[in-house]
Amino acid sequence: MDVLANPGPLKDIVLYDQEKHVSSAVWDGQERGALRCHEHTSKLGEWKLKPKQIELVERAGFGFLRRIPAISLDNPLISALVERWRRETNTFHFTVGEMTVTLEDIALLLGLGIDGKPVIGVTYTTCSAICERYLGEAPASNYASGGMVKLSWLKEKFSECEVDASFEKVERCTRAYLLYLVGSTIFSTTTGNKVPVMYLPLFEDFDDAGTFAWGAAALAFLYRALGNASVKSQSTICGCLTLLQCWSYYHLNIGRPKLNREPIHDHFPFVLRWKGKQNGPTANRDVVFYRKALDVLKPCEVEWLPYENMDGRFIPDHIRNSLQLGRSKTMLISFDKAERHLPDRCLKQFGLFQGIPEDVQRWVRKSRGVDGGVDLSVKMESELSEWEMRWENIVPDDVLGVDEADYMRWYLGITRKIVGRPISLSSEFQRTISNVRDILELAENFQIHDLDLERGNMISRIIGLAQDCLRDQVGVTATTESQQQIELGKRMRGKERVRRKGMGKRRKGIDPMEDYGGSEDESQFGPLVEVGQMHLPLSHTNSVYDGTHMYDAVTKVDDMELCDTIPQLPETQDIHKIEGSLLDDTDKSIEDSKLQEEIGATNVLSGEEPTESYDVKKEDKESKAEDDDATKGFSDVSGEENANREEEDGTEMGESVAESSSLERRGENTVLA
């Protein structure tokens with residue numbers, strides 16, 4: 001099937017949430033731009049840790065994470081990756097197959113432990129008591145919000161521990177630093193500058209803190225953040241975005257900066273390879289640029305095994321011994337967040353052949369930490385049991401009889417092949433209109449005299465539908481009669497504008513050319529609405545088709561009468577004749593009565609009694625002088641008219657008054673002559 005007609009999935013057996021996914025909005029032309037990326041590592045270097053504090057940080061399991069500097073984030077790249085993330089499988093759906101950030105990736109890139117106790121505990125809705133217990137003081141109300149505390153308060157109070165501080169004070173400052181560290185990196189939130197205090201009890205004993213699977217918790221947090229950001233209504237993303245970006249640098253040759261070759265950058269953890277100033281050409285690379293690159297991603301641009309040539313001498317033993325968990329089908333846990341780790345869908349990342357994976361069990365992501373003092377371990381027994389079985393659920397590496405060609409055929413049927421349209425919506429629209437024109441031309445030239453009544457009606461119906469599609473589109477040629485009406489209206493409106501400039505006073509009246517008074521931004525079929533970069537007029541619903549042309553049921557008779565009255569477009573000098581003839585034939589009696597009323601009103605206002613006679617010659621001379629003055633100043637008026645175009649076009653009453661005054665003078669001459 002043509003990818004333009006259906007970019008996928010052809011079957012919703014895997015990607016059942018496609019309608020909520022951002023790729024659906026992008027396909028419909030709804031761009032949300034680059035996501036706001038929340039990671040708060042810029043001020044980590046302002047913490048001044050004493051040697052004793054560094055020792056405690058390492059015992060807690062964060063010695064390598066502490067060494068990772070702030071890395072400039074490429075928001076458009078991250079946003080394009082999010083468009084490829086699917087929360088149904090917790091994987092990226094690329095053109096070459098599924099890929100994901102695994103437990104192996106987070107262990108090697110960040111140096112965090114991926115084996116151990118799950119990161120879970122009690123939730124809190126207030127900060128005072130928990131901060132007082134573990135930090136020695138509570139934040140003021142303006143530094144706390146529910147169960148979260150501002151990062152700025154932690155840095156302000158604990159970023160520099162005194163040299164002669166007591167051991168208890170050193171521990172408190174170190175706990176504050178660890179809370180700041182996880183809140184600005186692996187557990188960064190979309191709040192911008194806050195971190196939940198529920199992590200503090202896990203730092204009470206630093207040796208015990210080192211037994212938690214912080215890497216698995218960080219991956220669960222990132223999975224949830226990616227899933228939330230992939231929903232089309234979202235505009236932000238949080239979590240460890242440094243991990244995500246560096247994972248992309250290692251695995252995809254898209255947006256990758258030039259590698260630094262200093263010796264320290266090949267040390268552990270592997271994120272340090274991208275430390276320091278980067279020389280990659282990132283200028284003018286937006287989300288659309290990366291989206292197009294991912295839509296045409298080639299196998300040669302993918303590094304399935306990026307770490308096999310890395311120097312493994314610096315990898316700690318506890319990290320090396322747990323790397324096999326990268327192939328574990330298990331549940332990742334981070335307090336109230338539980339996410340599935342499905343490496344069986346990305347076996348090529350472990351050097352294995354990829355077969356058709358098992359169906360993904362659907363699960364509902366629920367927030368379980370709404371109440372303070374809740375022990376989440378009681379509410380997540382099934383997820384915790386699955387994590388306990390992590391070593392028993394390692395995907396085997398002796399898979400036989402795998403045909404990757406079968407996998408790709410299956411994969412192309414269940415995935416979203418492309419995110420962005422190869423052809424823009426405006427181009428597709430123009431192509432569709434061109435095709436409809438061709439259909440209309442073929443149908444109109446089709447010989448129907450030899451057809452029976454039913455087939456002849458079918459051809460007429462095709463003609464009618466095609467004309468109905470084209471009649472409201474910009475660029476469709478109007479009929480000769482309609483063109484004449486529009487051109488006549490423009491000329492007469494221009495004439496009246498000039499005449500209005502020479503008028504001394506304005507009087508109310510009816511504009512006989514109001515049918516031509518539409519602005520230049522309107523077509524003959526209605527006002528325009530903007531769609532992308534195109535302007536489409538609103539179509540009429542009450543239309544009549546006579547087999548040859550489409551007419552408005554309300555205005556058909558008036559249009560034809562006017563066309564019969566003016567079979568050819570008049571010249572400028574003939575406009576006065578047309579105006580006079582129209583007035584003589586239709587409004588002669590009306591103008592006569594209006595003239596008498598105006599004469600009476602004028603005399604009353606001046607305090608004079610009505611008279612029987614009227615100075616016709618004097619009025620003729622005044623009217624002629626006014627018209628001569630208006631014609632003589634045409635060029636000056638035109639310049640002034642351009643400067644005041646908005647005022648003139650937007651003031652219908654002014655046009656009506658000017659036209660009324662002109663009609664009154666012509667009516668007076670006609671009646672009294």
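In which sense do strand E3 and E4 pair, and over how many bridges?

Reply: Strand E3, residues 91–94, pairs with E4 in the antiparallel sense, over three bridges. Strands (E, at least two residues) and helices (H or I, at least four) are DSSP runs, numbered from the N terminus. Two strands pair if DSSP finds at least two bridges between them. Strands of a sheet pair through backbone hydrogen bonds.

This is a predicted model, in which local features need pLDDT of at least 70 and side-chain atom pairs count only at pLDDT 80 or more, while totals for chains, interfaces and linings use all residues. Residues are numbered from 1 along each chain as its sequence is written, and side-chain values use heavy atoms, leaving out hydrogens and water.

Now the sheet itself. It is open, has three strands, and runs E2-E3-E4 with antiparallel pairing. Its edge strands are E2 (85–86) and E4 (97–99), and each pairs on one side only.

How far can you trust the model? pLDDT is the predictor's confidence in each residue, from 0 to 100. The protein's mean is 76, and 65% of its residues reach 70 or more. Elsewhere, pLDDT stays under 50 over residues 598–627. Residues 629–673 also stay under 50. There, the model has 75 contacts beyond four places in sequence. Contact means heavy atoms within 4.5 Å. Where pLDDT is low, the predicted coordinates should not be read in detail.
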